[in-house]
Amino acid sequence: MTDYKITAIEGGICAAAGFKASGIHAGFRKNKQKRDLALILADDMCTAAGVYTTNKVFAAPVGVTRAHLANGKARAVICNSGNANTCNTDGYDKANATCDMLAKALNINADDIIVASTGVIGVPLPIEPIENGIPQLVAELAYGAEASDKAACAIMTTDVKKKEYAYELEIGGKTVHIGGICKGSGMIRPNMATMLCFITTDAAVSSEMLQKALSEVIKDTFNMVSVDGDTSTNDMVTVMASGKAGNAEITSEGADFDAFKAGLEAICRRLSIAIASDGEGATKLIQCNVHGFKDVEGARVLAKSVISSSLVKTAMFGADANWGRILCALGYAGIDIDTDKIDVKFISHAGEILVCENGRGVDFSEELAKTILLRRHITIDVDMKCGGASAIAYGCDLSYEYVRINGDYRS
C-alpha cells in the first residue's frame, strides 16, 4: 500500500476551506454552561455522503437526514444534544420543523440540511430551544478553530472530552484538508454506526466516490469500536466536500481516490480511538490486534468479539491477565478457527508478555503482566497463525463508574 504524508493540523471542522460553525446553549441541558446546539454551514453547496445506524429502532433525524442526502448534496448540519428525538409520535415533525426553521434563517433549502439529535430516548423533543436558539446560532457562525471547538462541545452528552481533529495531505498537486468532530461515550457499538460524527473536507470529490470512500473506511474504523455492545438509535457519520482545495474532481477510482480515502481513514480512525478512549467510566483504552488470519472479514469479527466481551473488559479494568476470557471470546465469535494455533500477548508501554501459545497457557510473570495491564493503553495481540489477514478493534475497560453513569442517566 502506498504511504501518504498525512499531517495533523488545527481547526477541526473549520480546517477545510469553505466551512464555518457555531455552538450555543439553547436550553436542552440544565447546566447553562454546557453548549447543546451546534451548526456547521458550508459557503456553497457540497457533495455529501452518510452512513447510519443499523438499529431498526432509529431516530427521526436519521430518517430525515437519509432522505435529504439521497441526492448526494448538502449545505448545513444542525445537531442538538440532551434529547435523542427517538420513539416519539411527533419526532419527524420536529426534525422537519428544525430544518424548515434553519432553512429560513439561512435562506437555503430545507432538503439540503443534515439534522441530528443525541441524548435521552423516548422523551418528546422540545422545539422551543431550537426555535429560540437558531437566531443566535446563525449570528455566531464563524471560521476557525474556536468555532469548531464550540460545535464539538455542543454535541457532547456524557462525553468527558471533546473530540475534534483535522489533517492535511496532497491530492493531485493540491493541499487538501479533512476535519471532523464526533461525540460518543456510551451506547457504542456502531454497525453501519449514542455516536455522531460530522466530517468536512475541501477536496473536490463526486458524491458517488465520497459515499464509496466513506462506506469502505467505516468498516475498519467506527465499525471496529465497542464501548458497551449497544448499537444506538441515532448513529450517523456524514461528510460534506466543498471542492475548494482546487484539485481535479475525483470521479473514479485511482491514485487521487486512494489518497483521499487514506486521509478520510486517518480522520475516522483518530475519532474512533477518541470514542473508545472516552468510553463511559473508562480508565483504559483497549486495542485488540488480530493478525495471521485467513481473511479480513473474519479477523474483524474476531477482534470485535474480544473487545466487546464484558469479561475481557472487566479483566482489563482489574489488570488481571485472564487470557482464557480472550480465547473464550474468539471461540463464540461464530468464525471457524484453529484453537490449537492461537498465541496471545499483552502489550503496553511497560512492555509485553506472552500468556498463551498454541491455545495453551505458558508460564509467565503475573507481576510483570499486572504492570503491563495497569497502563492507560493496552494492546491485546492475537496471532491466529493461519494466514496473512489482520484487523484492529478499539474499546475500553468496564468499570464501576459505567454502571453509576447509566444507572442515573436521566436524572
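Which helix gives the most residues to the lining of the second largest cavity? Helix 8 does, with three residues. The structure is a predicted model, in which local features need pLDDT of at least 70, side-chain atom pairs count only at pLDDT 80 or more, and totals for chains, interfaces and linings use all residues. Residues are numbered from 1 along each chain as its sequence is written, and side-chain values use heavy atoms, with hydrogens and water left out.

Helices (H or I, at least four residues) and strands (E, at least two) are DSSP runs, numbered from the N terminus. A cavity is a set of points, on a 1 Å grid over the protein atoms alone, where a 1.4 Å probe fits but cannot get out; lining residues have an atom within 4 Å of a point. Grid points are joined across faces, edges and corners, and a volume is the space filled by probe spheres set on the points. The second largest cavity has a volume of about 30 Å³. Its lining consists of Ile286, Val306, Ile307, Val312, Lys313, Met316, Ile380 and Cys396. Helix 7 (296-308) and helix 8 (310-317) each give two or more residues to this lining. By class, seven are nonpolar (Ala, Val, Leu, Ile, Met, Phe, Trp, Tyr, Cys or Pro), none is polar (the others, Gly among them), and one is charged (Asp, Glu, Lys or Arg).

The largest cavity holds about 40 Å³ of space. Among its 13 lining residues, Asn80, Thr98, Val115, Ala116 and Ile130 are the closest to its centre. Strand 4 (73-83), helix 2 (91-106) and strand 5 (113-120) each give two or more residues to the lining. Nine lining residues are nonpolar, four are polar and none is charged.

Strand 4, helix 2 and strand 5 also pack against the buried residues of helix 1, as do strand 3 and strand 10. Buried means under 20% relative accessible area, exposed over 50%, and partly exposed in between (1.4 Å probe, protein chains only). In helix 1 (residues 60-68), seven of the nine residues are buried, so the helix is largely enclosed by the rest of the structure. The buried residues are Ala60, Pro61, Val62, Gly63, Val64, Thr65 and His68.

A nonpolar core is a set of buried Ala, Val, Leu, Ile, Met, Phe, Trp, Tyr and Cys residues joined through side-chain atoms within 4.5 Å. The largest has 37 residues, of which Ile199, Phe222, Val237, Phe260 and Leu264 touch the most other members. Elements that supply at least two residues include strand 3 (37-52), helix 5 (207-218) and helix 6 (255-277). Helix 6 provides the largest share, nine residues. Beyond its neighbours within four places in sequence, Phe260 is in contact (heavy atoms within 4.5 Å) with Ile171, Ile178, Thr201, Ala203, Val205, Leu210, Ala213 and Ile250. Another core, of 36 residues, lies apart; Ile307, Val344, Ile380 and Met384 are among its members.

The structure holds zero disulfides (pairs of cysteine sulfur atoms within 2.5 Å). Cys87 is exposed, with a relative accessible area of 56%. Cys328 is in no disulfide either, and the nearest cysteine sulfur, that of Cys356, is 13 Å away. Cys328 is partly exposed, at 44% relative accessible area.

Definitions and conventions:
1 Å grid on protein atoms, 1.4 Å probe; cavity = no way out; pocket = protein on both sides within 12 Å on 5 of 7 lines; lining within 4 Å.
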